[in-house]
Amino acid sequence: MSDKTAFFSKIGNIRIRLHRPLEGKLKTATIRRECGEWYVSYVCEVESQPLPETGSSVGVDVGTTWFCITSDGEFVENPRYFNSSMKALRVGQRSLSRKKRGSNRRKKAKAAVAKLHRKVARQRLDFHHKTAAKLIRENDLVAHEDLNVSGMGKGNLARSIHDVGWGQFFSLLSQKAASAARTVIAVDPRYTSQACSQCGHTCRENRIGQAKFRCVNCGHTANADHNAAKNILARALPSVQNVEVMRGLRSPGMNSGE
């Protein structure tokens, strides 16, 4: 294989354009066709490249209003790529529906819609890569909720949840952590939005609307998502606060539900 040619058994030599030079030991190659274009995906085995320790750990609470909120107080905007492309997709779908089945015009309209969906998917993937890389680069440990993303994607917020793409983001986060010798921990998501990050008291009344948190026990006030991110980090650390939060989860008199 060279920078311009690749050999495949039963196919022969094919001219290619490499996105970037291959690294490590080549394991597999997959050929796929996407929107009328051919791509080759290579899987290579490479050694991990540990990053210098930062001494920092962070909890990450994901959502649909904000893409994620960290325990450090950073709010990452949700780009909503699918939502921003809905007008163009709607026009494309209507054009496609009016075309006669089997006609060349229908094939062109179908290809145009497929390219719009591909653009959205690529934008989302690029955003996930950059966000995950930043978290891994700046922290030795990243904690997030162990969410049932596929199950949540079947509810009333299905479109928003599919647009935000938590499953892909968590997968990339774990991959980048393994490569950089970092640690990613998925914690129990129950009651992270109801537990006080200061005293550990947990009840439904602590939540005031969608964005506000006020503990009825100690009076602590905070943004609800920022408070949840602190609880997520606490559950990933062997600390006294973690013990108190988990003890609150087992309290028999506690209200259930998020």
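Reader: How far apart are the end C-alpha atoms of helix α3, residues 104–138, and what span should its 35 residues have?

Author: In this predicted model, helix α3 runs over residues 104–138, and at 1.5 Å a residue its 35 residues should span 51 Å. The end C-alpha atoms agree with that expectation, because the distance between them is 51 Å.

Reader: Which residues of α3 are buried?

Author: A residue counts as buried when its relative accessible area is under 20%. By that cut-off the buried residues of α3 include R106, A109, V113, R118, V120 and R124, and the list goes on with F127, H128, T131, A132, L135 and I136.

Reader: Where do the buried residues of helix α6 fall when one looks down its axis?

Author: Helix α6 covers residues 166–180, and its 15 residues should span 21 Å, which agrees with end C-alpha atoms that are 21 Å apart. Its buried residues are W166, F169, F170, L172, L173, A177 and A180. Seen down the axis of α6, these buried residues fall within an arc of 165°, so they line one face of the helix. In an α-helix with 3.6 residues a turn, residues three or four places apart point the same way, and for α6 the arc asked about is 165°.

Reader: Which residue just after α6 has a positive phi?

Author: The place to look is just after α6, where the backbone takes a positive phi of about 60°. The residue with this phi is A181.

Reader: Which residue caps the N-terminal end of α7?

Author: At the N-terminal end of α7, a side-chain oxygen lies 2.9 Å from the backbone nitrogen of D225.

Reader: What angle does the direction of α7 make with that of β12?

Author: The sheet concerned is open and has three strands in the order β10-β11-β12, with antiparallel pairing. β10 (207–208) and β12 (221–223) stand at its edges with a single partner strand each, so one side of each is left without a neighbour in the sheet. Helix α7 packs on this sheet, touching β10, β11 and β12, and its direction makes with that of β12 an angle of about 95°.

Reader: Which residue in β8 stands opposite V60?

Author: Strand β5, residues 57–62, is largely enclosed by the rest of the structure, because five of its six residues are buried. It pairs in the parallel sense with strand β8, residues 141–145, over four bridges. In β6, V60 stands opposite T70, whereas in β8 the residue opposite V60 is H144.

Reader: Which residue in the turn between β1 and β2 has a positive phi?

Author: Strand β1, residues 5–8, and strand β2, residues 12–15, run antiparallel and are joined by four bridges, and F8 stands opposite G12 in β2. The two strands form a hairpin with three residues between them, and the turn residue with a positive phi, of about 70°, is K10.

Methods: Residues numbered from 1 in each chain as written. Predicted model: local features only at pLDDT ≥ 70, side-chain atom pairs only at ≥ 80, totals over all residues. Heavy atoms only, no water. Polar contact = N/O pair within 3.5 Å; in protein donor to acceptor, adjacent residues only side chain to side chain. Pairing = 2+ DSSP bridges. Contact = heavy atoms within 4.5 Å. Axes fitted to C-alpha atoms, helices over the stretch in contact; angles between N-to-C directions. Expected span 1.5 Å × (residues − 1). Buried < 20%, exposed > 50% of the residue type's maximum accessible area, 1.4 Å probe, protein only. Arc of directions from axis to C-beta.
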